[in-house]
Protein chains: 2
Amino acid sequence: MLLLRDLAQLATPSGTEAPLRGAALGEIEVVDRAFVLCDGETIAAVGRMSSLPALDDDVVEVDCRGLCAIPGLVDCHTHAAFGGDRVDEFSLRAGGASYEELHAAGGGILFTVRATRAAGGDGLREAVELHRSWMLREGTTTFEAKSGYGLDRDTELASLRAIRDAGGVPTWLGAHAVPPEFADADAYLDFALADVLPDAAELAEAADVFLERGAFDASQARRYLEACRDAGLALRLHADQFTESGAIPLAVELGARSVDHLEATGEEGIRTLAASDVTGVLLPASALFLDRPMPPGRTLVDAGAAVALATDFNPGSAFCESLPLVCSLAATQLHLSPAEALAACTVNAAHVLGRADDIGRLAPGYRADVTLLEAPDWRYLAYHLGGRVVARVVVGGELR
Amino acid sequence: MLLLRDLAQLATPSGTEAPLRGAALGEIEVVDRAFVLCDGETIAAVGRMSSLPALDDDVVEVDCRGLCAIPGLVDCHTHAAFGGDRVDEFSLRAGGASYEELHAAGGGILFTVRATRAAGGDGLREAVELHRSWMLREGTTTFEAKSGYGLDRDTELASLRAIRDAGGVPTWLGAHAVPPEFADADAYLDFALADVLPDAAELAEAADVFLERGAFDASQARRYLEACRDAGLALRLHADQFTESGAIPLAVELGARSVDHLEATGEEGIRTLAASDVTGVLLPASALFLDRPMPPGRTLVDAGAAVALATDFNPGSAFCESLPLVCSLAATQLHLSPAEALAACTVNAAHVLGRADDIGRLAPGYRADVTLLEAPDWRYLAYHLGGRVVARVVVGGELR
């Protein structure tokens, strides 16, 4: 057994419900001078030090004075399987070129497709492992990652295998962009659905589509998602990043798990989403990276929508694996409280991945995934902007 | 001697001029497969590995494969001497209260004044040491810090001593706010200039004033700065953070080293600054933290102004010690290139501190302060948003 003792604070979303919405999103339970007791991969007990039960001799005790415990963070939207980087493009954009201009000029996603195809299976495995190690440093104990930089059969499947082998939750983003060897989006989808989907459905848990001007339109997205649903995959959509393109009604109709981005979502989309079971995944690091408008986080929460937070980690539009930074952006840019931000990247992110019964809370029976913050108050997670706020993580009961 | 060998890249502002402005700001010299050789506290040589001279046996060699070297970062604007934190205020503001509203309601600076007075000399020394250790992790090898949370004689002088003892460059921010025991700003300045300035001038290198609605007006700032100049201190001003209050013309007239903030500076202020020898210090982490407009970074550079970048590290409006994050914000929000950002927090920041002959460049004769980046390309400094991009630092020839 592993005992995290003398924690300055323990903070966790309360209850057992998922996803949390409205006022419940901000209901965080805080215990001062606390402990977390792990039995193998599972949390056995949490509470005040003064109520610590008598323990056997074979308990490994960790002195956590000066640290706060929160549930291991859950990053439910990343593109961690890629080769190369886009630092040249980043430096050019700093001088004024827009993301869409760079994309149209042959940079953008297709630049990374070339580098990812060149990386091969071993290169992809190394890349995902590296990115996974970066995420762990920032307190992420569960990560989702999408394929979508292969766009050919071998590289898409190699991406999904690399994600699975690194312990990630794989999503097949078969409809990310149209690769150059196809005349148009429909011709590419003919190939992807016939030749890649059958094997991708064995490796992935969900399918995702980039519904956007210049990528896939609503009818193409519908065709792709319906085929994926029929193959047993959960559904997700890149929605309203630059333009409102009908993703929210489509997601609601198809019973998707999430619509992700929402920077361009207007009032009607907010109302539709709030009245649905679909979770809105907000990616403020991407909006910051591209200097684009932030998604309407406060408005979505106040309207009653279920929201999650994620990094969108990828080489082009969010080279950022830090959920603590995302929480700082949620507090300063989206006007969520630190409590709402914490719930959004634990319980609600776990819900998007279909794992809310297992992760996202510090309570008996949940998986022993704990993020330890170097802080006197757990809200430093959002308050300590850009600081090294994560001290250690516990993953499945193992201190890293 | 210390040899940093097999660096993936070395990047440094070129030439010897300071401050750099206009096109020269972006002229960074990049050497692939490089070395840095330190002799005691001084850089002896830098160059390509292929031109490494023959060396004695008593050289300590450090394998720097996978790392890039840049000059040790210089943070020329921090408020690192404070007690307590403002995480309650931060959490409230996330829910909608403005900085000025919180300030007017008795929170804000005066909340930290109470905590700082309570900390005492030992508490302040511990706090500055802790903050210094955070800065080192983020690659800052030289930091300025201001007093200004004491506002009584003992605490102001204790703040300056704590900064000096931690190796920082002390600035007396005697005119930060009017403490509650004084009826008005003039009465407080009577006290500060008569009772604190004589000793502060022995400890500090510069004086600073918060010229702003609700703090000190232009005539009070003039009185304070003229007295400080006469006591031998260099001059700096908190300028145009929320409103344009005449700081730039005053700074130019008095020959100040810098005007800091500039979020509210308009066209005339930009022209006046660009035509002067005063450096504009931009603090984008503060604008982000407060969700306020960003300073006009690109426009200032294009107009020919000398600009520096700094964190503004403080508990209320920028709990952020990370210059790499500031460089990411400079690239994404201020539209400076990574090269311009690097020069702005090395050479130009060193110039603001009167140290540009000694620090801010990797070249023979400069102090051996080096920041090592975990990156294949030095521009990851700005590109790797919120990442742990700083691997190690060398301070005065000593590897930390």
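**Close-up 1. Helices H4(A) and H5(A) cross in a right-handed manner.** Here the near helix is turned clockwise from the far one by less than a right angle. This is a predicted model, in which local features need pLDDT of at least 70, side-chain atom pairs count only at pLDDT 80 or more, and totals for chains, interfaces and linings use all residues. Residues are numbered from 1 along each chain as its sequence is written, chains are lettered from A in the order in which they are written, and side-chain values use heavy atoms, without hydrogens and water. H4 covers residues 153–165 of chain A and H5 covers residues 185–203; their axes lie 10 Å apart, at an angle of about 15°. The two are therefore roughly parallel (an angle under 35 degrees).

**Close-up 2. Here you can see the residues where H4(A) meets H5(A).** From H4(A) come Arg153(A), Glu156(A), Leu157(A), Leu160(A), Arg161(A) and Arg164(A), and they meet H5(A) residues including Phe191(A), Val196(A) and Leu203(A). The contact residues (heavy atoms within 4.5 Å) divide into six nonpolar, no polar and six charged.

**Close-up 3. Asp165(A) sits in helix H4 of chain A.** With 42% relative accessibility, Asp165(A) counts as partly exposed (from 20% to 50%, with a 1.4 Å probe and protein chains only). Leaving aside neighbours within four places in sequence, Asp165(A) touches Arg125(A) and Glu129(A).

**Close-up 4. Chain A meets chain B.** Look for 42 residues of chain A in contact with 41 of chain B. Tyr383(A), Leu385(A) and Arg388(A) supply 22% of the area that chain A buries against chain B.

Conventions: Axes are lines fitted to C-alpha atoms, for helices over the stretch in contact, and angles run from 0 to 180 degrees between N-to-C directions. Helices (H or I, at least four residues) and strands (E, at least two) are DSSP runs, numbered from the N terminus. Angles under 35 degrees count as roughly parallel, over 145 as roughly antiparallel, 65 to 115 as roughly perpendicular and the rest as oblique. Ala, Val, Leu, Ile, Met, Phe, Trp, Tyr, Cys and Pro count as nonpolar, Asp, Glu, Lys and Arg as charged, and the others, Gly among them, as polar. Buried area is the accessible area (1.4 Å probe) that two parts lose on being put together, summed over both.
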